[in-house]
Amino acid sequence: MTKIKVDRRECEGSECAYCVFTCPMEIFMVENDQIFIKNTEKCNSCEMCIYICPNDAIMVGEG
Ligand code: SF4
Ligand code: SF4
């Protein structure tokens with residue numbers, strides 16, 4: 001099972017939201033200015049979110 005984490009100290013939330021629009025599996029969503037993660041079982045480990053995040057706030061790994 002893939003584990004996905006967003007470091008809220010680094011994340012810019014709705015000011016950025018690149019990950020929301022980049023993830024092909026729609027795993028990130030923005031709500032109340034914060035990023036939330038859903039349906040992690042759909043993650044295909046493409047790492048596009050890691051690549052696109054300007055603040056290195058996303059971690060994707062097996063766990
Ligand atoms: S791309 Fe990074 S900084 Fe931007 S909303 Fe997503 S986790 Fe936050
Ligand atoms: S690794 Fe790919 S599928 Fe998984 S959360 Fe990131 S962008 Fe989405």
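## Fold and overall shape

Read from the N terminus, the order is β-α-β-β-α-β. The radius of gyration is 10 Å, close to the 11 Å that the globule rule gives for 63 residues, so the chain is as compact as a globular protein of that length. That radius is taken over C-alpha atoms, and the rule is 2.2 Å times the number of residues to the power 0.38. Along the principal axes, the C-alpha atoms fill a box of roughly 30 × 20 × 15 Å.

A word on what you're looking at: this is a predicted model, in which local features need pLDDT of at least 70, side-chain atom pairs count only at pLDDT 80 or more, and totals for chains, interfaces and linings use all residues. Residues are numbered from 1 along each chain as its sequence is written, while chains are lettered from A and ligands numbered from 1 in the order in which they are written.

## Core and contacts

Of the 63 residues, 16% count as buried. Buried here is 20 or more other C-beta atoms within 10 Å of the residue's own, exposed is 12 or fewer, and partly exposed is in between, with C-beta atoms placed from the backbone. The largest nonpolar core has 10 residues: Ile-4, Val-6, Cys-19, Cys-23, Ile-27, Phe-28, Ile-35, Cys-49, Cys-53 and Ile-58. Such a core is a set of buried Ala, Val, Leu, Ile, Met, Phe, Trp, Tyr and Cys residues joined through C-beta atoms within 7 Å.

Ile-4, one of those core residues, touches Ile-27, Ile-37, Thr-40, Cys-43 and Val-60, leaving aside residues up to four places away in sequence. A contact means C-beta atoms, placed from the backbone, within 7 Å. Across the chain, 53% of the contacts with a separation of 6 or more are between residues 24 or more positions apart.

## The two ligands

Ligand 1 has 15 residues around it, with Cys-11, Cys-16, Tyr-18, Cys-19 and Cys-53 coming nearest; being near takes a C-beta atom, placed from the backbone, within 6 Å. Sorted by class, that shell has 12 nonpolar, two polar and one charged residues. Nonpolar covers Ala, Val, Leu, Ile, Met, Phe, Trp, Tyr, Cys and Pro, charged covers Asp, Glu, Lys and Arg, and the others, Gly among them, are polar.

Ligand 2 is surrounded by 13 residues, and Cys-23, Cys-43, Cys-46, Met-48 and Cys-49 are the closest. Its shell splits into 10 nonpolar, two polar and one charged residues. Cys-19 and Cys-53, listed for ligand 1, and Cys-23 and Cys-49, listed for ligand 2, also turn up in the nonpolar core.

## Exposed spots and positive phi

Which residues other than glycine have a positive phi? Asn-32 is one, with phi near 50°, and Glu-47 is another, at about 65°. Asn-32 sits in the loop between E2 and E3 and is exposed, because 7 other C-beta atoms lie within 10 Å.

Asn-39 is found in the loop between strand E3 (34-37) and helix H2 (48-52), and counts as exposed with 11 C-beta neighbours inside 10 Å. Its C-alpha atom is 8.3 Å from that of Glu-26, 13 residues apart along the chain. Glu-31, in strand E2 (residues 28-31), is exposed with 9 other C-beta atoms within 10 Å.

Conventions. Helices (H or I, at least four residues) and strands (E, at least two) are DSSP runs, numbered from the N terminus. Two residues are in contact if their C-beta atoms, placed from the backbone, lie within 7 Å.
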